[in-house]
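Good morning, and thank you for the time on today's agenda.

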Amino acid sequence: MNIQENISLKNHNTFGIDVKARFFVEITGLVQLQKVLELKAYPKKFIISGGSNMLLTKDIDALVVHIKLKGISIVEENENFVEVKAMAGENWHELVMWSLDQGFGGLENLSLIPGNVGTAPIQNIGAYGVELKDVFVSCAAMEVKTGELEGFDNEACEFGYRESIFKNKAKGKYIITSVVLKLTKKDHVLHTGYGSIENELKDKGIVHPTIRDISDAVIAIRRSKLPDPTEIGNSGSFFKNPVISRKAFDKFIKKNPNAPFYEVDDDQFKIPAGWLVEQCGFKGKRFGEAGVHEKQALVLVNYGGATGKEILDLSKKIQEDVQKTFKIKIQPEVNIIK
Ligand code: EPU
């Protein structure tokens with residue numbers, strides 16, 4: 001086991017924040033992970049995988065455990081469905097591309113989402129009308145305290161909009177080691193309802209899209225709107241879209257008749273936070289090394305040398321302005337490490 005000291009985490013978080021890990025170890029096997037968890041000499045452990053949904057605001061005074069568990073396999077199949085097991089350290093988008101190469105459907109709308117397989121359930125990743133929970137069967141997770149492996153089925157994960165048990169009750173208690181997804185081998189269920197997908201397909205003259213066409217459309221839309229973390233540091237949507245009650249919505253829409261919204265149910269309405277942030281004048285604005293992306297106001301960016309605190313301060317300013325202007329609280333989607 002190679003435990004290193006004072007390692008920069010700049011290349012381990014998509015925001016590209018340059019903080020240091022006091023200790024750092026890479027994990028490629030389950031037994032090795034168990035052994036690391038047992039190490040009494042390093043009582044504090046901090047788990048990192050793709051680093052795509054975190055904002056690091058200071059050096060990590062702990063043993064940073066980098067999950068690099070690899071492997072994709074078919075665990076069950078019949079004529080119609082296949083269950084695919086992917087280890088936590090696999091890159092999410094590479095798994096999506098692999099599934100398309102096999103002709104398996106279900107992940108195409110989730111193309112090009114940064115991060116690794118193991119973190120996908122934590123925030124129930126979602127895009128263009130599909131969420132992980134729609135294809136999720138189960139995951140295995142190791143309890144940090146005991147090193148024991150436990151299984152969580154779909155229900156046990158308590159999935160919600162960018163939420164799961166791993167962000168709430170079970171926060172910090174488990175390390176997800178693998179995920180099983182149920183995908184279609186034929187009669188794929190296509191989700192083209194999301195406006196921009198329909199437009200993208202129409203522009204290409206595609207009337208009967210394949211799962212690959214949908215993936216290509218999603219990739220094109222994401223590339224046109226969202227910054228590539230390998231070019232400019234970011235963590236995707238920084239905030240969640242706020243959900244407000246009908247009473248609050250009625251007031252809001254009277255004052256802002258042109259605002260976009262989605263009806264969640266009879267009493268709940270979701271307002272795109274990107275619109276709220278844009279209305280407050282932040283879109284494309286730069287504050288030192290931190291900024292708000294010019295094409296999607298929900299995405300905060302690091303122009304190169306931003307500290308986590310600079311990004312955090314900007315996010316707080318945005319929250320305050322949105323609160324003042326619209327009386328709506330927007331909450332970070334990103335896990336802020338203070
Ligand atoms: N909008 C603006 N200004 C902006 C951004 C958006 O007015 O700067 C408006 C758009 O015009 C549109 C609405 O807001 O009417 C929705 O925008 P978009 O379709 O871009 O989606 P979003 O609600 O801003 C969510 C997810 C994204 C996901 C897209 C597509 C959240 C927090 N974000 O964004 O997820 O890719 O839908 O499904 O739910 C992520 O989580 O990291 C992420 C990128």
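**The ligand and its surroundings**

I begin with Glu333, whose side chain has an N or O atom 2.9 Å from an oxygen atom of the ligand. I call this a polar contact, that is, a pair of N or O atoms within 3.5 Å; within protein, one must be able to donate a hydrogen and the other to accept it, and residues adjacent in sequence count only if both atoms are side-chain atoms. This is a predicted model, in which local features need pLDDT of at least 70 and side-chain atom pairs count only at pLDDT 80 or more, while totals for chains, interfaces and linings use all residues. Residues are numbered from 1 along each chain as its sequence is written, and side-chain values use heavy atoms, with hydrogens and water left out.

The side chain of Glu278 has an N or O atom 2.6 Å from a nitrogen atom of the ligand. For Lys225, a side-chain N or O atom is 3.1 Å from an oxygen atom of the ligand.

How much of the ligand's accessible area does the protein cover? On its own the ligand has 820 Å² of accessible area, and the protein covers 82% of that; such areas come from the Shrake-Rupley method with a 1.4 Å probe, and for residues only the protein chains shown count as cover.

The ligand is surrounded by 25 residues, and the closest are Tyr128, Tyr161, Ser237, Glu278 and Ala297. A residue counts as near if one of its heavy atoms lies within 4 Å. Helix α6 gives the most to this shell, with 3 residues. Helices (H or I, at least four residues) and strands (E, at least two) are DSSP runs, numbered from the N terminus.

Domain 2 (72-184) and domain 3 (233-337) both give residues to the shell, so the ligand lies between them. The domain bounds come from an automatic or database domain assignment.

**Two open sheets**

Two strands pair if DSSP finds at least two bridges between them. Strands β1 and β2 (residues 20-27) run antiparallel and are joined by 4 bridges, and Glu5 stands opposite Phe23 in β2.

Another open sheet has 5 strands in the order β6-β7-β12-β10-β11, with antiparallel pairing. Here β6 (72-77) and β11 (149-153) each have a single partner strand, so one side of each is left without a neighbour in the sheet. Strands β7 (residues 81-87) and β12 (residues 174-184) pair over 7 bridges, and Val84 has Leu181 in β12 as its bridge partner.
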